[in-house]
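Colleague: I would like to learn how to read a few features of a model. Please take me through them one by one.

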Amino acid sequence: MNYTYIALGMGLFVICLILYYAFFMTKEDFYKYTQDNLYEVPWRWEWKKKEIVNLKCHCLECGETLVYENDYLLHKTYFLCPSCESQKAVIGGGDSKYAFGIIKREINRKIRTKEYKDLIS
Ligand SMILES: [Zn+2]
C-alpha cells in the first residue's frame with residue numbers, strides 16, 4: 001500500500017469538505033434572515049430546513065407576542081397586543097391562516113429577490 005495515495009485522498013477529502021462548506025455558507029445565508037418588519041409589526045421566525053416555523057409577530061412598544069383575532073365577516077385578521085390592549089396590525093383578505101400565508105410568501109419573495117441580504121448585514 002502506498003501511503004502517498006492515502007494522504008492525497010485525505011487531502012482531497014478535506015479540500016472538498018472546505019469547498020462544500022464555503023459554498024453552503026454563502027448559498028444558504030437566508031438562514032440568518034429571521035426577522036423583518038412586515039405590515040407595520042416586527043415578525044420573527046425560525047428555519048427548519050427550508051420551512052418557516054414559529055412565525056410570530058411582536059408589539060413595537062413592549063415586545064409582547066401579538067395574539068390574533070379572525071373577523072370572518074369582513075375577512076380580516078387583527079393582531080392585538082395583550083399587554084397594551086390595543087390593535088397593532090390588520091391583514092385583510094382572510095383568516096389568520098391566510099394572514100400567516102401572506103407573511104410567509106413575503107419572506108420567501110424577499111429571499112428570491114435577494115432583498116433580505118440588506119436586512120441581515
Ligand atoms: Zn404591547
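**Reading the contacts**

Modeller: Start with Asp29, which is buried because its relative accessible area is 14%; buried means under 20%, exposed over 50%, and partly exposed in between (1.4 Å probe, protein chains only). The model is predicted, so local features need pLDDT of at least 70 and side-chain atom pairs pLDDT 80 or more, while totals for chains, interfaces and linings use all residues. Residues are numbered from 1 along each chain as its sequence is written, and side-chain values use heavy atoms, without hydrogens and water.

Colleague: Which residue forms a salt bridge with Asp29?

Modeller: Side chains of opposite charge can pair when their charged atoms come close. The criterion is a side-chain nitrogen of Lys or Arg within 4 Å of a carboxyl oxygen of Asp or Glu. Here Asp29 pairs with Lys117, with the closest N and O atoms 3.2 Å apart. Lys117 is partly exposed, at 32%.

Colleague: How many salt bridges does the whole structure have?

Modeller: The search finds five. Among them, Lys88 and Glu61 meet at 2.4 Å, N to O. Lys88 is buried at 18%, whereas Glu61 is exposed at 57%.

Colleague: What coordinates the zinc ion?

Modeller: Donors are N, O and S atoms within 2.8 Å of the metal (3.2 Å for Na, K and Ca); water is not among the atoms, so sites may look incomplete. In this model the SG atoms of Cys59, Cys62, Cys81 and Cys84 coordinate the zinc ion at 2.2 to 2.3 Å. Their angles of 102 to 115 degrees make the arrangement tetrahedral, a label that needs all angles between 85 and 135 degrees for four donors.

Terms used
Tetrahedral: all angles 85-135°; square planar, octahedral: opposite > 155°, others 65-115°.
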